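Hi,

Here is the structure I promised to pass on. Have a look at it first, and then read my notes below.

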Amino acid sequence: MAKKTIYVSGLLNFETILNVESFPINYFPITYPFFGINSSVSGTAFNISTALAKLGDKVYLSSYVGDDLLGKTIVSEAKKSKIDTSNIKMTLESTPNMVVLVDAHRNVQTYCDLKNVQDIESNFEEEKLNIEASDLVVLCNSNFNRPLLKKAKELGKKVATDVHIIGSIDDPFNEDFLRYSDIVFLSERGLTGKIYEDFLVDLYNAYHNEIIVLGEGREGAMILDAKKRVVYHIDAITIRKIANTVGGRDAMFSAFIHFYLKGIDSLEALKLAEIFVSYKIGESGSAKGFLSEKEVLEFAKTIDFAVYKIREF
């Protein structure tokens, strides 16, 4: 499959994952969880860019970090993954940092310190050349990406985003991202009490996205394909023992857009993305445990998916 070029703009941060026994956590002054604390570079933009690079795409990464130790570490790690870092601006007061607690049942509690990243805006003229040179524009739902959404569409670019957790189709924070994106990912969290397929159709009727994918965690995923006018569900699979699920959604998003951009049918692309994420969550760290394109396709030869047509619309 020919290599594609993908522009990715979103959050970069440093991440520390701490394994805990259970929630809630009772107070104690100190404990020694040997090999239970792991730190690495993360953030949605880094996770997606690293996954895409592993799958064989050329990536233009755009984001903001501080001119500090963590910021320099992030740039260095991105370069190791052969990601273009020329548009990472070191202009924040300090680099965003995140702590993730994971218990024995794989429940996750996240503390994300964004510093002042939500107070800035990207300059389209500084991003224009890389956006023009890309086959797909990934704009994560960070405030600084808002000025790029309409401009990317005016250039005729296909736009993809992940709005994460929304509870209504007119979610005020994510409305712009929903309106201008061709490919939208979201989580089932926030949709308690709602019929998932009805929500996806309502979302399509409001924004007319080409593809909408709902991550259902351990249950699998649901996809709305506007061209086929159908909603499918696929069950999750297990390739190896789960270490933790941190970064799993970014992995699914990355693999789906990689294969879909190459002309693979949307449902087949989702199956390949499920393989990618199932293997990835066998390793701790948001940007670790990625398969190559060849490895994903080899796994696909051995796996039968449970697929259900949920609704036509």
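**Cavity and pocket**

The largest cavity is lined by Thr44, Ile48, Val138, Cys140, Thr161, Asp162, His164, Asp250 and Phe253. Before going further: this is a predicted model, where local features need pLDDT of at least 70, side-chain atom pairs count only at pLDDT 80 or more, and totals for chains, interfaces and linings use all residues. Residues are numbered from 1 along each chain as its sequence is written, and side-chain values use heavy atoms, with hydrogens and water left out.

Rolling a probe the size of a water molecule over the atoms shows where empty space is left. In our case, on a 1 Å grid over the protein atoms alone, a cavity is a set of points where a 1.4 Å probe fits but cannot get out, while a pocket is an open set with protein on both sides within 12 Å along at least five of seven lines; lining residues have an atom within 4 Å of a point. Grid points are joined across faces, edges and corners, and a volume is the space filled by probe spheres set on the points.

The whole structure has one cavity of 30 Å³ or more, and the largest holds about 30 Å³ of space. Helix 1 (44-55), strand 9 and helix 7 each give its lining at least two residues. (Helices, H or I with at least four residues, and strands, E with at least two, are DSSP runs numbered from the N terminus.)

The largest pocket has a volume of about 1500 Å³. Its lining takes in 49 residues, and His164, Arg189, Thr245, Gly247 and Arg249 are the ones nearest the centre. Two or more lining residues come from each of strand 2 (13-19), helix 1, strand 6 (97-102), strand 7 (108-113), helix 7 and helix 8. Helix 7 has the largest share of that lining, with four residues.

**Cores**

Next, the nonpolar cores: sets of buried Ala, Val, Leu, Ile, Met, Phe, Trp, Tyr and Cys residues joined through side-chain atoms within 4.5 Å. Buried means under 20% relative accessible area, exposed means over 50%, and partly exposed is in between (1.4 Å probe, protein chains only).

The largest core has 59 residues, and Val8, Val138, Phe256, Ile257 and Phe276 touch the most other members. Helix 7 gives the most to this core, namely nine residues. Leaving out residues up to four places away in sequence, Ile257 touches Leu52, Leu136, Val138, Ala160 and Ile183 (contact means heavy atoms within 4.5 Å). Another core, of 29 residues, lies apart from the largest one, and its members include Ala152, Val184, Val201 and Val231.

Not counting residues up to four places away in sequence, Ala269 touches Phe256, Phe259, Tyr260 and Ile264.

**Helix 4**

Which residues of helix 4 (residues 146-154) are buried? They are Leu148, Leu149 and Ala152. Looking down the axis of helix 4, the buried residues fall within an arc of 115 degrees, so they line one face of the helix (the arc is that of the directions from the helix axis to the C-beta atoms). Those buried residues pack against strand 1 (5-9), helix 3 (124-132), strand 8 (136-139), strand 9 (159-162) and helix 5. Just after helix 4, Gly156 has a positive phi of about 80 degrees.

**Salt bridges**

A salt bridge here is a side-chain nitrogen of Lys or Arg within 4 Å of a carboxyl oxygen of Asp or Glu, and by this rule there are 17 of them.

One joins Arg311 and Asp198, with the closest N and O atoms 2.5 Å apart. Because Arg311 is in strand 14 (residues 307-312) and Asp198 in helix 6 (residues 196-207), the pair ties together parts that are 113 residues apart in sequence.

Another pairs Arg179 with Asp176, at 3.3 Å between the closest N and O atoms. Both are in helix 5 (residues 175-180), three residues apart, about one turn of the helix. Arg179 is partly exposed at 38% relative accessible area, and Asp176 is partly exposed at 28%. Through salt bridges that share partners, Arg146, Glu175, Asp176 and Arg179 form one network.

Enjoy exploring!
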